[in-house]
Every structure is written in structure tokens, then in C-alpha cells.
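Student: Could we go through this model together, a helix at a time? I would like to ask things as they come up.

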Amino acid sequence: MYAQMVKSEGMKSLEEMSPEERAFQERVDRNEKIEPKEWMPEGYRKTLIRQIGQHAHSEIVGQLPEANWITRAPTLERKAILLAKVQDEAGHGLYLYSAAETLGISRDQLTEKLLSGDMKYSSIFNYPTLTWADMGAVGWLVDGAAIMNQVPLQRTSYGPYSRAMIRICKEESFHQRQGYAVMMKMAQGTPEQKEMAQDALNRFWFPALMMFGPSDKDSVHSAQSMAWKIKMNTNDELRQKFVDETVPQAEFLGLTVPDETLRWNEEKGGYDFAEPDWAEFFEVIKGNGPCNEERLGARREAWDNGAWFREGLTAYADKAAARRAASNMAAE
């Protein structure tokens, strides 16, 4: 999900590794956590920066489609819940930017990479939220897919990333339940409300499946990330698990998953289902989705409008450092 279009170095055999690389891989294989000041291969560091950075960007950009509905929520309770959820997403982004900073890159650099197109965010946030039912679909499907991806990341090999995921997963579980509650209310409401819920499911089902990234046969960089335990499961494993858990939830709501090929496969103990339109996925990743320009435009505007505040913080920090230096000199 957050490793969409993340490229890592080709895998080396143990014989091809240097002594440092071999010792590092043995630590990873023993499930030891790698900490910021410890030696790590440069490819490991770069892969982590890109994955954690894109994860952080996804949390921040992910606020935009939901913030669109804060002032239009149907009740004060729903508004308060949605506001709390958006606030959580902002916090998740900050945790993850902090984790990325331990790898030697600043938040400013990460943001510049996003705005230049050098880094991406999850493709799902380039789709519009047209109705209140979309808030239910986003919580149920999008946050449900996020949980499917994030729970294994609590066991990822890099310590700061692993620890950040513990709190994030707890809060994401609330987000998923909030979305499902909205869908349940709509599905049990008037015929028009149920139709709205079905329409939201129709539009978000396949984009949600795309969140796990390309099919394993086309995901050529997963092997090294999995060997380093940056990534814990393959794209297709996570997608299958998501479908198997989500289809019964849709049936309970009385809604229909928009996939005519969907069938239970007794032999594999899971559903057979249609592949997403990967041509659409790659077009969205390239920046040609329905809301790419709008999302990046909002981030660019926020970045530009916050320049005065960042400059003020820097000036304050410089003055504080100068005062400390002067005080130390006087003490000598």
C-alpha cells in the first residue's frame, strides 16, 4: 500500500554480501529490531525512507477527502467523530515523519519530494468523495485495507517504524468501525440511502483493491523488501485476506460487491475475484487520476502558506542556540 512504486536494490546471495551485510541480514532473520544509529545497508535506508515517507504523505493527503465533509456531516455527532478521525490522521503523519527523520532526512526534504513528484502517496486518495456514504466507504474499505497492511508492519525490522505502527493501528481500528457504522446506518435507512451506500461501494471497491499494489508477478522489488522485513506480506496475500474478510461484511449490510466473478473457492479457502484495472492504477500513480492535481495543489498551497511559520520557528531556534552559546562562553 505505502510501498506503491517503491523500488529497492536487487537481492544479493549470502556469498555476495560483505561481512557487514551478512551480519545485518542475520540480525533481521533473528527478528532483532534495527535502530537508527546502528549500521544498515544504504539500500535498506533508502527503501525505508521512501516507504515511510510515502506512508506519512498518505496519512496527510488522506485528510483531504474526509475534511471535505466535516462541515456537511448530517449530525453534530457525526461531525465530531469525523473531526476526531481527521485529527488522528494528522497525528499519524507526524509520527511517521518523525520515524523517517531518524534515517537522516528532514520533513522539509520529504515534502519537497512529494511536491516535485519524486515521492507518491496512496492512489486511493485521488478519487473524489461525492456523498456522505463515501465517508462510510472510506472508513470501512480504505481504513480496512490500511489495517490489513499496517498490522503486520508492527513486526517490521526497523524499530521506530514498528513502534509507530502500534498506536496507529489502534486508532485505525476505530476509523474502520466508524466507517462501517455509517454504511450500516445508510444500508438500513430509506431506499435512497441504501442506494447511496451501494453506489459508494461500487465506486470504492476496486480502488481499495489497488491499495495493496500491483500483482505479485508485476511487483519486482518486493523480494528484497521482504528479505529485509521492511515488508511482511506480498501484495496478493494482503489483497486476498482483505477480500475474504470484507465480502461477508458487505453481505451482512445487504450490499452487493460489484464483481460478477466473485465466488467462494472451497479448495483454497478463499474467494476468487476479479483483478482491478491495473492500467487505471498506473495512470493514477502517474498523476492522471480524478483528483491528483487537486490533492497536490492543496498540499502545495498549505506548504507555501506555512512558510512564514517555519521561518519563525527557525529564527527562534537560532536565537535560542545563540543565547545558549553566549551563556556557555560567559560561564567559562
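**Helices, a pocket and some backbone angles**

Tutor: Let me start with helix 11 (residues 278-288), where Trp278, Phe281, Val284 and Ile285 are buried, buried meaning under 20% relative accessible area, exposed over 50% and partly exposed in between, with a 1.4 Å probe and protein chains only. Helices are DSSP runs of H or I with at least four residues, numbered from the N terminus. This is a predicted model, in which local features need pLDDT of at least 70 and side-chain atom pairs count only at pLDDT 80 or more, while totals for chains, interfaces and linings use all residues. Residues are numbered from 1 along each chain as its sequence is written, and side-chain values use heavy atoms, with hydrogens and water left out.

Student: What do the buried residues of helix 11 pack against, and which exposed residues are on the face turned away?

Tutor: The buried residues pack against helix 8 (191-210), helix 10 and helix 12, contact meaning heavy atoms within 4.5 Å. The face turned away from the buried side carries the exposed residues Ala279, Lys286 and Asn288.

Student: Which residues of helix 5 are buried?

Tutor: In helix 5 (residues 107-116) they are Leu110, Thr111, Leu114 and Leu115. Seen down the axis, these buried residues fall within an arc of 135°, so they line one face of helix 5. What covers them includes helix 2 (42-61), helix 4 (76-101) and helix 12 (292-305), and just after helix 5, Gly117 takes a positive phi of about 90°.

Student: New topic: what is the volume of the largest pocket?

Tutor: The largest pocket has a volume of about 410 Å³. Of the 15 residues that line it, the closest to its centre are Leu94, Tyr97, Arg107, Thr111 and Trp303. The elements giving two or more residues to the lining are helix 4, helix 5, helix 12 and helix 13 (307-331), and helix 4 gives the most, with four residues. As for terms, on a 1 Å grid over the protein atoms alone, a pocket is an open set of points where a 1.4 Å probe fits, with protein on both sides within 12 Å along at least five of seven lines, and lining residues have an atom within 4 Å of a point. Grid points are joined across faces, edges and corners, and the volume is the space filled by probe spheres set on the points.

Student: And where does helix 7 bend?

Tutor: Helix 7 bends by about 25° at Ile166, the bend being the angle between axes fitted to the seven residues ending there and the seven starting there.

Student: Is Gln178 buried or exposed?

Tutor: Gln178, which is found in helix 7, is buried, with a relative accessible area of 5%. Leaving aside residues up to four places away in sequence, Gln178 touches Ile81, Lys85 and Gly139. Gly159 also lies in helix 7 and is buried, with a relative accessible area of 1%.

Student: Which loop holds Asn31?

Tutor: Asn31 is found in the loop between helix 1 (19-29) and helix 2, and its phi is near 65°, a positive value in a residue other than glycine. At 55% relative accessibility, Asn31 counts as exposed.

Notes:
Arc of directions from axis to C-beta.
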